[in-house]
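The sequence and the model come before the details.

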Amino acid sequence: MYIRSFSIDWSGEIGRSYVADIEAIRVLDSFTFQKNITFFAGENGSGKSTLLEALAIACGLNPEGGTANYNFSTYDDYSELGSAITLCRGISRPEWSYFLRAESFYNVASAAVREYNLTDYHARSHGESFLEFIQSVDVPGLYFMDEPEAALSPQRQLTLLIYLVRMAQRGSQFVIATHSPILLGTPDADIYSFDDGRVQKVSYEETDSYQITKMFIENRSYLLERLLRDEEESENESF
């Protein structure tokens, strides 16, 4: 693997920043990657995307997405966690490193069109261009993805799953933050949950994404009736 592990030095300014208030990250001093595909899962605000972004920055990649050559910035609200991370790299270096986040793909696509004279991704739907851009890269590399399912239909998520498996078999390493029960089902991948104030390895069936989706599909009518009734009772109580 291109990144074998990393450690976090909490002795500097980062120890007094808002990142130190994120429970799962605050108790994390070191982490070791064991598979070519690693998923970060957890509820919104649990810290998975914050850590993913910091790892991409520690690797020299643009915080809003792209390669180290991309320097556009529209909001500059990323944490300083990346500067506190020390990477333990593998023997070989990746031919290609990329940080992909669905929310800022428009800017990444614009930069890619200019830099590599590619076809105009803006002429397609968000999901189509996002997936086409991912699949256009076919060299072994190091890839960070932040909630890629946000741009993809369930069918296209399955297409991405197949791509991840094939590229991992060729030597690529992926670190992905996701809520998708489809992507989390990728075979031979590690899943780490950021819930309950810690980072812990879990099985696919232990993830909230799987359990809630399964519960909804198998008990849709009952679940909706219960949720809507509880909501109505809560509103009546507020009056």
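## Salt-bridge network

In this predicted model, salt bridges link Lys35, Asp188, Asp190 and Lys201 in a network. The count for the structure comes to seven salt bridges.

Lys35 is partly exposed, at 27% relative accessible area, while Asp188 is exposed, at 59%.

The side chains of Lys201 and Asp190 form another salt bridge, at 3.2 Å, N to O. Lys201 belongs to strand 9 and Asp190 to strand 8, so the pair ties together parts that are eleven residues apart in sequence. Lys201 is partly exposed, with a relative accessible area of 48%; Asp190 is buried, at 2% relative accessibility.

## Glu13 and Arg16

A salt bridge also joins the side chains of Glu13 and Arg16 (2.9 Å, N to O). Glu13 counts as exposed at 54% relative accessibility, and Arg16 counts as exposed at 60%.

## Largest pocket

The largest pocket holds about 280 Å³ of space. Its lining is made up of 15 residues, with Gly42, Glu43, Asp195, Asp208 and Ser209 nearest the centre. By class, three of the lining residues are nonpolar, seven polar and five charged.

Strand 9 (200–202) and helix 6 (208–218) each supply at least two lining residues. Helix 6 gives the largest share, four residues.

Definitions and conventions:
Residues numbered from 1 in each chain as written. Predicted model: local features only at pLDDT ≥ 70, side-chain atom pairs only at ≥ 80, totals over all residues. Heavy atoms only, no water. 1 Å grid on protein atoms, 1.4 Å probe; cavity = no way out; pocket = protein on both sides within 12 Å on 5 of 7 lines; lining within 4 Å. Points joined across faces, edges and corners; volume = space filled by probe spheres on them. Nonpolar A, V, L, I, M, F, W, Y, C, P; charged D, E, K, R; others polar. Salt bridge = Lys/Arg side-chain N within 4 Å of Asp/Glu carboxyl O. Buried < 20%, exposed > 50% of the residue type's maximum accessible area, 1.4 Å probe, protein only.
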